[in-house]
Amino acid sequence: MWLIITCIKWSPAEDKPYPNRLDERVHDLPSVDMFVPTADPVREPPIIVVNTVLSLLAVNYPANKLACYVSDDGCSPLTYFSLKEASKFAKIWVPFCKKYNVRVRAPFRYFLNPLVATDDSVFSTDWKMMKSEYVKLCRKVEDATGDSHWLDADDDFEAFSNTKPNDQSTIVKVVWENKGGVGDEKEVPHLVYISREKRPNYLHHYKTGAMNFLLRVSGLMTNAPYMLNVDCDMYANEPDVVRQAMCVFLQNSKNSNHCAFVQFPQNFYDSYTNELVVLQHYMKRGVAGIQGPIYIGSGCFHTRRVMYGLSSDDLEDDGSLSSVATREFLSEDSLVRRYGSSKELVKSVVDALQRKSNPQKSLANLIEAAQEVGHCHYEYQTSWGNLGWLYDSVAEDTNTSIGIHLRGWTSSFISPDPPAFLGSTPSVGPEAIVQHRRWATGSIEVLFNKQSPLIGFRRKIKFRQRLAYFWVLMCIRSIPELVYCLLPAYCLLNNSALFPKGPCLGIIVTLAGMHCLYTLWQFMILGFSIKSWYVSQSLWRIIATSSWLFSIQDIILKLLGISKIGFIVAKKNMPETRSGYESKPSQGDDDGLKLELGKFEFDSSCHFIPGTFIMLVNLAALAGFLVRLRLSSCSHGGGGSALAEACGCISVVVLFLPFLKGLFEHGKYGIPLSTLSKAAFLTVLFVVFSVGK
């Protein structure tokens, strides 16, 4: 793993956009379709989706060249109701943001700060009015959550009657259509709600299937050459984010036609995600210097032509289709075989491949065609899943990213300050572990499907880029890490030596110390504190070890045909935090980290058994060591030093400190009795085995 990481980090790179240079070309800017997928109104509250949508509708880009599509895989009337109310609020929110050049355009973050005293009485009046309207919006959504009387009173919700999350018909509704078409600051972009058909007996491919439905519907309605994919809780934190991406796509360079997507980093306003910040700072820049960053599922601008299956060799130097690609892609049989039987969709695909501008059409006239491409049988005997977002993995982002790079495309990485997108991660505990388990499981799946970087060495992907995708093997390190956490305890209990004596022990301590100092330096150079480094290392190891072990189990069971891998939606939170994005040093605020570390949540799931087991084993070993030390009978076979092994056990205990606190807490912050009893049983077996040896 060290060799792979070193190879990845060898040549870091990053694109630097200058969006102001696009001002002279504002009338030539291409259209962009923005995708926001959601699946569960309980685990992904509609007010979070609303804030993300409002931030996207208000970006600094001509409104007549933007369209926002919300895919609701849960077919929730509450989500649709919230979007309808949000569209009304957007008609005053978007002009307000552009008039006063508001930077944070997600209302829930913007209004956390009180109004600063100003001489501009007009701004103060508008600010108070906007906050009052936003409070009304939140109240309406909250009231609708607890009372569904509005569902029967409005015929617009008739399509939602008798629907279930896994048994529903296709719904396409134009929430708001921008009929102005000139792009002035008072216009609001298109807003479309969609929910595809799902039936119990059909495989719907979870989020990946929803993204392909978004691709088809947007192709029919607006057919923008570029698309932005944003998770429902990742609001646009930088108003110029679309312009920044266009700086890469529109640059006058030889390779501009070969950039398939522009990836922005995932940043969060949660204090325990500092490890992800450091990881992206070094690893993402490293991969960007090879063939381009890996698509990470959110904050990514895609090229529509690439998602329709083009390879880099299919284009001429001027970006037009080559003669070979024209025959391969544009023949009538090929179009139907690849993209399905919808004549309207096939026409839009041809226009997209040939870079033809999309004529202005009334969105309402396209609803019937959009509903057709959402039927659960539409993809049958087509190439969907081999083009668009790729199937065969719950990590649709990594899988799709490999498919793009295998076809010879490059990608670009932009990491602006302030960050382009900000979101929240699940609470520290079960939700975070479940999410990491899905990420790790999906990443390993990629190694065993047809997109695997282990096969097809004649494909157009660089060798070091393959190594970058081998990085998904990171989760396998959980097995040796588990062994490392148990070895010092085993040796103490077995009265044997783990570490050598004399100079050799000094070498081991020096190497371990160098590693710790190096990781600490990586944190501190980004402005984080020492406590931030410790907390991040502790929480990251706990979450990673607890989730990665079970992801390996999931893959083994899948390969044996015993079980399938499901997609669990992580619960999204909207914590009460300070407004705006704070600088990196503030992310490492000691008080916030202390709060997060002290509030590690537990439940009765099996995810917490390994961590509890590790903690109890090391405590048992230290207790035995202290007893022998007190009796002055501490001796080791093989001439080992018991003090070194004891220090190893203490290090593990410090690393798993939240589990030690969980032994003395109650409620959700305490380790459940069922988990504790199972871990204790395993600890007794381990101690008996170790002492017996």
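Trainee: Why does Y490 count as partly exposed?

Mentor: This is a predicted model, and in it Y490 has 22% relative accessibility. Buried would require a value under 20% and exposed a value over 50%, so at 22% Y490 counts as partly exposed.

Trainee: And what makes F686 buried or exposed?

Mentor: The relative accessibility of F686 is 14%, and since the cut-off for buried is under 20%, F686 counts as buried.

Trainee: Why is the aromatic pair of Y490 and F686 called edge-to-face?

Mentor: The two ring centres are 6.4 Å apart, and the rule for a pair asks for centres within 6.5 Å. The planes of Y490 and F686 make an angle of 70 degrees, and because planes over 60 degrees apart count as edge-to-face, the pair receives that name. By this rule the count comes to 36 aromatic pairs.

Trainee: Which parts does the pair of Y490 and F686 tie together?

Mentor: Y490 belongs to helix 18 (residues 478-494) and F686 to helix 26 (residues 673-692), so the pair ties together parts that are 196 residues apart in sequence. Elsewhere, ring pairs link F89, W93, F96, Y100, Y110, F111, F123, W127 and Y134 into a cluster.

Trainee: How do you know that R338 lies over the face of F329?

Mentor: R338 is at 4.2 Å from the ring centre of F329, where the distance rule asks for CZ of Arg within 6 Å, together with a position within 35 degrees of the ring normal. R216 likewise lies over the face of W384, at 4.9 Å from the ring centre.

Trainee: Which residues does the UniProt annotation "binding site" cover?

Mentor: According to the unreviewed UniProt entry, the annotation covers K207 and D231. Although they are spread over 25 residues of sequence, they cluster in space, the largest C-alpha distance being 10.7 Å. K207 is found in helix 7 (residues 206-221), whereas D231 is found in the loop between strand 5 (226-229) and strand 6 (235-236).

Trainee: Are K207 and D231 buried or exposed?

Mentor: K207 has a relative accessible area of 16% and D231 a relative accessibility of 18%; with the cut-off for buried at under 20%, K207 is therefore buried, and D231 counts as buried too. Leaving aside neighbours within four places in sequence, D231 is in contact with T52, K207, Q266, G297 and S298.

Trainee: What makes strand 6 and strand 8 edge strands?

Mentor: The open sheet has three strands in the order 6-11-8, with mixed pairing. Strand 6 and strand 8 (267-268) each have a single partner strand, so one side of each is left without a neighbour in the sheet. Strand 6 runs antiparallel to strand 11 (residues 421-423), and two bridges join them, with Y235 opposite L422 in strand 11.

Trainee: How many residues of strand 2 are buried?

Mentor: In strand 2 (residues 66-72), seven of its seven residues are buried. L66, C68, V70 and D72 point one way, while A67, Y69 and S71 point the other way. Strand 2 also pairs with strand 1 (residues 32-38) in the parallel sense over seven bridges.

Trainee: Where does pLDDT stay under 50?

Mentor: It stays under 50 over residues 577-598 and over residues 634-640, although the mean pLDDT of the chain is 85. Where pLDDT is low, the predicted coordinates should not be read in detail.

Methods: Residues are numbered from 1 along each chain as its sequence is written. This is a predicted model: local features need pLDDT of at least 70, side-chain atom pairs count only at pLDDT 80 or more; totals for chains, interfaces and linings use all residues. Side-chain values use heavy atoms; hydrogens and water are left out. Rings of Phe, Tyr and Trp (its six-membered ring) pair if their centres lie within 6.5 Å; planes under 30 degrees apart count as stacked, over 60 as edge-to-face and the rest as tilted. Helices (H or I, at least four residues) and strands (E, at least two) are DSSP runs, numbered from the N terminus. Buried means under 20% relative accessible area, exposed over 50%, partly exposed in between (1.4 Å probe, protein chains only). pLDDT is the predictor's confidence in each residue, from 0 to 100. Contact means heavy atoms within 4.5 Å. UniProt positions are given in the numbering used here, feature names are shortened, and annotations may be inferred rather than shown by experiment. Two strands pair if DSSP finds at least two bridges between them.
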